[in-house]
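Here is a short note for a colleague looking over this model. Please read the points with the structure open.

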Amino acid sequence: MTETPSIVVTNRIFAETAERLATVGTVVVNPSEEPWPHDELLGHASRAEAMMAFMTDRIDAAFLAACPKLKIIAAALKGYDNIDVAAAEEAGVWVSIVPDLLTAPTAELAIALMLALGRNVLASDRRIRAEGFHGWRPTFYGRGLAGATVGIIGYGAVGQAIARRLSGFDCRILATDLNFASDETTELAPFERIIAVSDYVVLALPLTSATKYILDRETIARMKPGALLVNPARGSLVDEAAVAEALASGHLAGYAADVFQCEDWAQADRPSGVDPRLIAPDAPTVLTSHIGSAVIEVRRAIEASAAESIIEALSGHAPRELANFRQK
């Protein structure tokens, strides 16, 4: 009798996703909102032929060596800097991703962060909750998008989606990307010019060795005084300590982020938490808990795509959206 393949899912998923996977194997799902401890995860994964992975997982060569039965790691992710795809390829393990489904909701959240930061939405909300509301006062004057210069660093799918959504706000849009040519709504500009002239700087880059700390103390110092910085992409694109210092000095007027250095698991120097200065009650920041793709129908579709990759792999077929084993 043929043994049923074991499928490990490292985070909580929708019931229909688990039911779909159960048609091809025995499914072990983490039912909690918290990641499994490393040893517990390895205990499950070491016996598995397939794994659905998420942002909370760190998969390196040592992990793969402890999981000799693995055929596929189906990442419910667009960015996969937490997975060593080269090591997976060397181990003969497919790594699939979900490249398109996260684009629109991430771009929507970027706009929400920009508006909340520029218009002092959170500070005004906190004032009403603490003191009640007694009518209009000449306070919380912020910055709108109309007439502003918005610089988008990175102009791939997410950067372009942000620009499309900004096109109705009557702002000037600049973007930098080696593979991009100016169009009717967005002007191509070099990185140094964008950071020097933009009222809003929005990061839309993957995290790589070339983009880590693309905004550090030196580059932040060259940003336009009073600029607002928005990061819906990856925490380690910025040096959070340098951001906190620039906020304290007034060089930056505000920082909004959905992502943080502490969750970039592949970075050996990642901090254990968010810089306390960024989460202080009076900090000019808007911070969300990595909710860029947290739209119910989107999360269902992401899980369904990852599940189909597992089903394809267990049937002996290469999944469609591979991060490795690509033709050279």
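1. Overall burial. Of the 328 residues of the protein chain, 49% count as buried (under 20% relative accessible area; exposed is over 50%, partly exposed in between; 1.4 Å probe, protein chains only).

2. Basis. This is a predicted model, in which local features need pLDDT of at least 70, side-chain atom pairs count only at pLDDT 80 or more, and totals for chains, interfaces and linings use all residues. Residues are numbered from 1 along each chain as its sequence is written, and side-chain values use heavy atoms, with hydrogens and water left out.

3. Size. The C-alpha trace spans about 75 × 50 × 35 Å along its principal axes.

4. Domains. The assignment gives domain 1 (6-99 + 296-315) and domain 2 (102-287); such bounds come from an automatic or database domain assignment. Their C-alpha centres lie 31 Å apart. Domain 1 puts 14 residues into the contact and domain 2 puts in 11 residues, where contact means heavy atoms within 4.5 Å.

5. Fold content. The protein chain has 11 helices and 12 strands. These are DSSP runs, numbered from the N terminus: helices are H or I, at least four residues, and strands are E, at least two. Of the contacts with a separation of 6 or more, 63% join residues 24 or more positions apart.

6. Helix H7. Which residues of H7 (residues 157-166) are buried? They are Val158, Gly159, Ala161, Ile162, Ala163 and Leu166. The buried residues of H7 pack against helix H5 (103-118) and strands E6 (149-153), E7 (172-176), E8 (186-188) and E9 (200-203).

7. Pro5. Pro5 lies in the segment before strand E1 (6-9). Its C-alpha atom is 7.1 Å from that of Ala48, 43 residues apart along the chain. Beyond its neighbours within four places in sequence, Pro5 contacts Val24, Gly25, Thr26, Glu49 and Leu314.

8. Positive phi. Most residues other than glycine have a negative phi. Two residues to check follow. Phe140, in the loop between helix H6 (121-131) and E6, has phi near 55 degrees. Phe140 counts as partly exposed because its relative accessibility is 28%. His290, in the loop between strand E12 (285-287) and helix H11 (296-314), has phi near 50 degrees. His290 is partly exposed, at 29% relative accessible area.
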